[in-house]
Each structure stands twice: as C-alpha cells, then as structure tokens.
Amino acid sequence: KKFHKQFYKLLLGVSGTSMEKNITLGSAARIELSCKLDNKYSHLKSPQVTWKRGNETIGHISKTKNSWSIQLKILDNSNLGSYSCTLKGEEEISAVFNLQVPKIGGKEKPIVSYEGDTAVMICESLDYTPIAWTWYMTNGSEQIAINDSLLADKYAINRISANVTHLKILKLTKEDDGVYWCEAAFELGKSKGKLKLKVLSFMVPLKPFLAIVAEAVILVTIVFLYEIYSKKKEKHA
Amino acid sequence: SFPGERKEEELEAPAGEKSSGMEAAAGGWAWGVVFHFFLVNVLVMGMLKTFGIFFVAFQEEVGGSSEQVSWIGSIMSSLRFLGAPLVAVVCRRLGERPTSIIGAGLVGGGCLLSTQATSVPFLCVSMGLLLGMGFACLYQAAAVMTAKRCRTRLAFSNAIARSGMGLTFLIAPFTQLLIDFYGWQGTLLIFGGIMLNLVPSSMLLRPLRARPPQRSSAKNRARGCLMAKEDPETLDGCLDETSPGETQLRSAQDLPTTEGVMTVHGRDVSGPVNMSALEGFEKRPMDNRSSEIATEAKRSYKSLPATEKENSQPLLDFSPLKDPVFGIFTWSFLFSHLAYFVPIFHLVARARTLGISSMDASYLISVAGITETLSQLLSGWVADQNWTKKYHYHVAYLVLGGVTNLLCPLATTFPLLMTYAVAFAVFCGGFMALVLPVLVDLVGVQKLHSYLGFAAFFAGIAAIGGPPLAGWLYDYTQTYVCSFLFAGACALISPISFFFEPSAQKWKLKKANL
C-alpha cells in the first residue's frame with residue numbers, strides 16, 4: 001500500500017515557551033514532523049534539539065540547516081501520541097505534535113422525547129470515514145453495548161451512510177432516559193461521542209397547555225358577557 | 001318638509017346621546033379590530049417564520065428528505081394565500097367573526113393534531129393544510145374588518161397591525177427554548193393553546209350594524225346632518241341630497257381624487273347622494289368617530305327609496321377577474337411579493353458566503369425587522385395625511401426598493417450589507433403597509449372580500465414559486481447575487497401597472513355609462 005506523505009512543521013521560539021499542533025489521522029499514514037529554529041537563535045553555534053515521544057528519545061533525526069525532522073510510519077494505535085522536539089539551552093523550548101484519531105462530536109443539548117414514542121439519535125463523522133460504529137448505553141457507571149439483533153423490538157441501528165449512524169429507540173420508557181455513547185472505530189483507534197436522551201411524560205407539556213386554554217376560555221367568556229351587557233344597554237337606551 | 005324637519009329635531013335629543021355612545025363604542029371596537037389584526041400578524045407570521053426551527057426536528061424524527069419536509073412549510077405559507085378566494089366566499093356568507101373563529105379553531109386544531117404525527121404526509125395535511133386554511137381565514141377576516149372599521153385611518157391602522165410582524169423575532173428564540181424543554185411535540189401542543197387565544201380576540205370583530213329600517217333611516221339622515229352642523233360643507237351636502245337624478249357619473253368622476261370608499265355606490269343603482277359633500281367630510285383628519293357618522297349617513301342614504309337594489313352578488317364572485325383595476329393591482333402585488341420574499345431568504349446566506357459570522361448575520365435580520373416595523377408605521381401615517389394618492393407612495397417605495405436590490409451586489413462588507421438591509425427594510429415596510437389601503441382605494445370596501453381573495457390567490461402563486469425559483473437561481477449561478485438582482489427587477493416591474501390606473505378608471509367609467 002502506498003501512502004502519501006504528510007508534512008507538519010512548527011517554529012521553535014516564536015510565541016512563549018511551548019507550541020502545540022493537533023494532527024488528526026483518519027487512517028494509517030506516513031508523517032514527517034519537523035521543528036525549525038527561529039532566527040533569534042541563529043547565533044547559537046551548536047544547538048541541541050532532541051525529539052521525544054513521552055519519555056523515550058527518538059533517534060534517526062534528519063537535520064538540515066536549521067530544522068530537525070523525524071519520519072514516522074503510523075500504522076496502528078500504538079504509534080499515536082505526543083511527539084515533541086526540545087531545544088536544550090538556558091530555557092527548554094519545545095514544540096509538541098499531538099497525533100490523534102478523529103473526534104466524534106456528540107450533541108450538547110439533550111434529545112427530548114415522550115414515553116411510548118420513538119427517539120432517533122444521530123452520530124456523524126463527516127471528515128473521516130469510520131470502519132464501524134457501536135452504540136453504548138450507560139447503566140450506572142458501566143457502558144453496555146447495544147445489540148440490536150438481540151433486542152430487535154426495542155433498538156434499531158441503521159448506518160445511513162458511511163459517515164452517519166442512527167440509533168432508533170422504540171417504545172420509550174423512563175428507564176431509557178440517560179447518556180448514550182456512539183463509538184466510531186477507525187483504522188488507528190476508536191473515538192466516542194456523547195448524547196443525552198430525556199424522556200418526558202405527557203403531563204409535562206399538558207399543564208401549560210391547559211393553563212393557556214383556560215385563559216382563552218376565560219377571555220371568551222369575558223368578551224361574551226360584555227357583548228350581552230352592551231346589547232342590554234342599547235335596548236334600554 | 002318643515003313639519004318633517006321639526007319632528008326630526010324633536011328626535012334629536014335622545015338620538016344625540018345614543019349616537020355619541022355608539023360613536024365611542026365604534027371607535028373602541030375599531031381599536032379592538034386593530035388589536036386582533038395585530039395579534040393575527042404576530043401569531044401567523046411567527047408560526048410561519050419559526051417553521052424553519054421545526055424543520056430540523058421533523059427531519060430527524062419523522063424522517064423524510066429535506067425536500068419533503070420543506071413541502072410542509074410551502075403548503076402552509078402558500079395556502080394562506082391560495083385559500084383566500086374560498087375564505088372570501090365563507091366570509092361573505094357567514095360574516096367575518098364566525099370565519100375568524102373557524103380560522104382560529106383550524107389553527108389550534110391543526111397544531112394539536114400535528115403532535116400525533118408520524119410521517120411527512122400526515123404533517124402535510126395536519127400542519128400544512130389545516131394551518132394554511134386557518135391562517136387564510138384569520139387573515140382575510142381581520143383585513144377586511146379593519147378596512148370596514150377604520151375608514152379614515154386605514155393606512156395607519158393597517159401599519160399598526162402589521163407591526164405585529166416585527167415582534168415575530170421574539171418568537172424564534174421562544175420556540176427554540178420550548179423545543180429544548182418539551183421537544184417538538186410539546187411545543188406544538190403549547191402553540192395550539194396559544195393559537196386558541198385567537199378565539200376571544202376574534203370575538204372583537206363585531207359585525208357592523210345592519211342597515212336600519214326605512215323609518216329610522218330618516219332619523220339617521222337627520223342626525224347625520226344635524227351632527228354636522230358645525231361643518232358648513234357637509235350641511236350643504238345634507239340639504240342637497242334629495243335629487244335621485246344625482247348622477248353616478250359625477251361621483252365616479254370624483255374617483256381618482258377621493259378615497260375609494262366612494263366607489264361603493266358605483267354598484268348601487270340608487271344614488272341620491274352628493275359625493276363631494278361626504279368627500280369633504282372624509283378628508284378632514286378626524287378620528288373614527290367622524291368616519292362612523294359618515295358611514296351611518298351613507299348607509300341611510302343607501303336605504304332611501306328610489307330604486308334600491310339588494311346586494312345580489314353571486315356567492316363565488318368572479319367579477320374581480322374581469323376588472324382591469326384588479327389586474328393592475330394583482331400584477332403589482334405579485335411582483336412586489338416576489339421582490340419581498342426572495343431577499344429575506346437569501347440575506348443570511350449571502351452574508352455567510354461573504355465571511356460574516358452567523359451572529360452578525362442575525363443582527364442584520366433583527367435590525368431589518370425593527371426598521372421595517374418603524375417604516376411601516378411612518379408610511380401608514382404619512383399616507384393617511386392624504387397629501388397625495390396612496391398608490392403614488394406605493395410606487396415610489398417599490399421603485400426605490402428595486403434600485404436598492406439592484407445595488408445590493410455591491411455590498412460586500414458587513415457595514416455595507418447592513419446599510420442595504422436597513423434601506424431595503426425601509427422601502428419594504430413602506431410599500432407593505434400600503435397594500436391594503438391601496439386596494440381599498442381602488443376598489444372600495446363592499447367588494448373587498450372578493451378582490452382581496454383573488455389578489456391573495458395570485459400572490460400565493462408567487463409565494464409558491466418564489467423560494468424554489470430563488471433556490472434554482474442560486475444553484476444555476478452558484479452565487480446569491482442573482483437572487484437580489486432578480487428581486488430588484490421584480491420590484492421595478494411591479495409598479496409599472498399603476499401607470500395604467502387612470503386609463504383603467506376611465507375605461508370603467510365608460511363601461512358604467514353605457
């Protein structure tokens with residue numbers, strides 16, 4: 001399999017003492033990360049720049065005039081993480097590259113539905129196509145995978161397109177209220193999105209509705225009575 | 001006639017009290033009608049505008065492609081216009097108040113029924129059809145009642161009522177809040193309840209008093225004359241009024257210079273009226289009290305002997321379609337509606353493509369809304385001053401609005417776009433406020449139902465075609481610029497028909513004289 005090489009660069013010493021770059025990888029890739037020294041350090045005779053991942057130092061640094069780079073083959077989850085280049089000197093100046101899987105956005109606002117009704121929860125990952133989707137529901141502090149073939153009359157998972165998944169929950173009850181997770185499996189790892197479901201009973205909106213209807217009825221009565229009153233007044237006049 | 005007159009003087013005293021009471025009541029009821037129309041505007045337009053928020057919720061839960069779901073909104077807003085001729089018939093049969101109550105019931109019922117929706121076709125009927133027809137009923141009844149009750153201040157009252165649309169910007173966040181709390185079904189339930197509030201306000205549409213019987217007509221006439229004692233012009237009118245030979249021709253000739261209320265009598269064969277006298281009456285910037293007196297007097301004139309023909313209009317009255325004045329009005333109405341709706345749809349989108357954030361874009365909309373409301377009020381007030389014929393203002397606003405739209409593509413930064421939005425809102429508010437008064441001027445109040453019905457029908461065709469056309473323009477040219485140019489062109493085409501108004505009136509006169 002041939003991969004295109006991706007290049008990422010950071011300038012050392014530009015703003016503050018540490019710089020960060022987040023790199024999202026949807027699938028396996030070849031990456032070259034390089035750190036370039038800013039001009040204000042050009043006076044240094046032999047600058048020392050080291051590359052580290054976590055605490056391990058990485059060898060095989062290729063150095064050109066002012067930049068230090070490493071070549072990486074990212075093939076699975078273990079290759080992801082934070083890679084940093086550090087300039088040794090009076091102060092340590094470093095730049096960090098964060099290699100990560102794509103994040104799934106959940107919904108912040110809860111999805112509101114009613115008892116006995118159906119709720120549809122949607123998760124999507126538009127920029128990167130996941131290999132598979134899994135849904136979890138939260139029971140206490142545990143996350144339990146939802147098996148829609150086992151509970152076919154309650155749950156239905158549909159993959160609408162490669163990037164979008166729907167979880168349909170039928171015959172809602174109060175117990176279905178809570179937090180749900182949709183997990184996307186990518187070549188390089190998994191990523192979760194959070195969704196909240198709120199299940200209400202019919203009484204909840206019914207109360208304001210009845211209040212408003214009562215108010216309307218009262219107004220109708222008032223106008224009606226006023227009309228009768230003014231008609232009587234006209235008759236007597 | 002002397003003994004007769006003395007008798008009438010004796011009747012004056014109790015009649016005087018009664019009439020002042022009735023005048024006050026009439027003025028009060030006119031405000032009630034304006035308030036109801038205001039409420040209708042707020043709720044109807046609010047519902048139509050917030051449909052977009054429901055759109056997303058429907059799509060997720062009920063399923064269906066975005067095209068299918070947008071049909072619901074289209075049916076809802078277009079039926080509001082297309083249903084008008086049918087509603088006009090119902091209104092004439094049952095009266096405005098029952099029609100309005102039916103409309104409120106349809107809207108409330110439709111909202112409640114929609115909470116049970118499980119599919120898009122269901123929603124099309126429950127939300128699209130029921131709400132659309134309900135809106136048409138409410139709108140037609142309220143508009144015609146306003147025209148009937150507020151004779152002198154029609155433009156201003158209409159503008160006040162329409163300013164209700166300016167408040168609709170509050171409804172959108174309110175709807176969003178409700179949806180976050182109760183979901184779309186709960187929100188629709190609550191909206192149904194709110195719409196039911198239109199029932200008590202519909203009851204404010206008190207029917208104008210029926211024609212007084214023959215005997216009291218003389219008393220009314222006398223009262224009208226005696227009330228007007230301070231006003232020498234009208235006193236002349238009262239004394240002059242007898243001759244049955246008083247020509248309609250003369251009254252019709254006054255048409256181009258008076259408010260169209262006078263054209264009412266063009267249809268009645270009995271015309272023992274001196275129009276110019278009443279005209280003088282009307283032109284005085286008095287409040288509704290005087291207009292009620294004039295109405296009373298006029299009505300009593302109508303019921304005088306000579307040849308009194310009953311209003312024998314057929315139930316579905318197609319005569320507006322044969323009237324050139326109607327053609328003029330509808331042409332203008334149609335194009336001006338196209339010119340109004342399209343930029344509104346695409347203003348935010350255009351702002352986005354120019355890189356303006358959605359917060360700033362929503363400021364554009366809010367500012368435009370507020371400006372439009374203020375401009376409507378000002379335009380209505382100015383038109384009521386009667387410095388010139390109302391449709392001259394209408395034409396001026398349309399032309400200026402068209403020019404503004406044509407210049408819009410030049411607005412590429414936020415300040416420029418804001419300037420465009422404000423200018424557009426000013427001119428739109430101006431011409432929108434005058435639509436009903438201009439129609440009343442051209443056509444009169446008696447036939448208003450049929451004319452308004454059919455005019456709204458044609459506007460409905462524009463309303464259906466407008467957004468898809470605009471969307472197609474965007475898809476074809478990949479820029480929103482064309483929508484604004486199109487709207488500008490429409491706005492400039494629309495007033496052309498008014499240039500034919502004087503010749504159309506002359507044609508009508510000739511026809512009437514034959």
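Which residue in the turn between β4(A) and β5(A) has a positive phi? It is A:G54, with a phi of about 65 degrees, and the hairpin has 2 residues between its strands. Before going on, note that this is a predicted model, in which local features need pLDDT of at least 70 and side-chain atom pairs count only at pLDDT 80 or more, while totals for chains, interfaces and linings use all residues. Residues are numbered from 1 along each chain as its sequence is written, chains are lettered from A and ligands numbered from 1 in the order in which they are written, and side-chain values use heavy atoms, leaving out hydrogens and water.

Strand β4 (residues 48–53) of chain A pairs antiparallel with β5 (residues 56–57) over 2 bridges, and A:R53 has A:E56 as its bridge partner. Strands here are DSSP runs of E with at least two residues, helices are runs of H or I with at least four, and both are numbered from the N terminus; two strands pair if DSSP finds at least two bridges between them. β4(A) is also joined to β8 (residues 81–88) of chain A, antiparallel, by 6 bridges, with A:V49 opposite A:L87.

Now turn to an open sheet of 5 strands in chain A, ordered β10-β17-β16-β12-β13 with mixed pairing. Its edge strands are β10 (111–114) and β13 (142–145), each pairing on one side only. The twist averages 35 degrees from one strand to the next, with axes fitted to C-alpha atoms (for helices, over the stretch in contact) and angles running from 0 to 180 degrees between N-to-C directions. Within this sheet, β12 and β16 pair antiparallel over 6 bridges, and A:W133 stands opposite A:A184.
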